[in-house]
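Please consider the following chain together with its three-dimensional model. The account after it is meant to be read with both in view.

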Amino acid sequence: VQLQASGGGLVQAGGSLRLSCAASGRTFGAYVMGWLRQAPGKEREFVAAIRWSGGYTDYADSVKGRFTISRDNAKNTVYLQMNGLKPEDTAVYYCAADPVLGSIKTMPKYWGQGTQVTVSS
């Protein structure tokens with residue numbers, strides 16, 4: 001399984017970015033895809049998740065109403081649209097995948113390489 005994250009960058013507070021995660025290596029079917037992030041000196045935290053087959057999305061309270069996770073089955077890609085970015089959103093964002101819903105928030109089975117998001121004040 002390969003997860004290739006992209007789309008990070010530097011943006012001013014209040015701005016937007018869209019992260020992409022290109023998935024390959026297997027049929028993801030009922031897998032749960034997610035985004036987690038880790039800021040310097042802080043623990044990794046869950047951001048958002050979506051079931052590849054549809055019918056489920058979840059968000060951390062800190063991003064609800066600002067971030068939207070979606071998927072394009074034809075492109076095998078998961079997106080994270082981030083609006084209203086705040087300096088506290090600054091982190092390395094990782095794409096992840098797991099066949100078990102409960103694991104995506106804590107210890108996903110598969111990880112991408114991460115993409116840096118920096119929000120200036």
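The paragraphs below go from the overall fold to the core and then to the aromatic rings.

The model is a predicted one. Its chain contains 11 strands and zero helices, so that the pattern read along the sequence is β-β-β-β-β-β-β-β-β-β-β. Taken along the principal axes, the box filled by the C-alpha atoms is roughly 40 × 30 × 25 Å. A compact globule with 121 residues would have a radius of gyration near 14 Å, and the 13 Å of this chain agrees with that expectation. Among contacts between residues at least 6 apart in sequence, 55% join residues at least 24 apart. The accessible surface amounts to about 5,900 Å², and carbon and sulfur atoms account for 48% of this area.

Buried residues form 44% of the 121 residues in the chain. The largest nonpolar core comprises 39 residues, and Leu3, Met33, Trp35, Leu80, Met82 and Tyr93 have the most contacts inside it. Several strands give two or more residues to this core, among them S1 (2–6), S3 (17–24), S4 (32–38), S8 (77–82) and S11 (115–120). Methionine 82 shows what such a position touches: leaving aside residues up to four places away in sequence, its contacts are Gly15, Ser16, Leu17, Leu19, Arg66, Phe67, Tyr93 and Val117.

How many aromatic pairs does the structure hold? There are four. Another edge-to-face pair joins tyrosine 94 and tryptophan 111, at 5.9 Å centre to centre and 85° between the planes. This pair links distant parts of the chain, since tyrosine 94 belongs to strand S9 (residues 91–98) and tryptophan 111 to strand S10 (residues 110–111), 17 residues apart.

A contact of another kind involves lysine 105, which lies over the face of phenylalanine 46 at 5.1 Å from the ring centre.

Notes:
Residues are numbered from 1 along each chain as its sequence is written. This is a predicted model: local features need pLDDT of at least 70, side-chain atom pairs count only at pLDDT 80 or more; totals for chains, interfaces and linings use all residues. Side-chain values use heavy atoms; hydrogens and water are left out. Rings of Phe, Tyr and Trp (its six-membered ring) pair if their centres lie within 6.5 Å; planes under 30 degrees apart count as stacked, over 60 as edge-to-face and the rest as tilted. Helices (H or I, at least four residues) and strands (E, at least two) are DSSP runs, numbered from the N terminus. A charge sits over a ring if NZ of Lys or CZ of Arg is within 6 Å of the ring centre and within 35 degrees of the ring normal. A nonpolar core is a set of buried Ala, Val, Leu, Ile, Met, Phe, Trp, Tyr and Cys residues joined through side-chain atoms within 4.5 Å. Buried means under 20% relative accessible area, exposed over 50%, partly exposed in between (1.4 Å probe, protein chains only). Contact means heavy atoms within 4.5 Å. The radius of gyration is taken over C-alpha atoms; the globule rule is 2.2 Å times the number of residues to the power 0.38. Accessible areas come from the Shrake-Rupley method with a 1.4 Å probe; for residues, only the protein chains shown count as cover.
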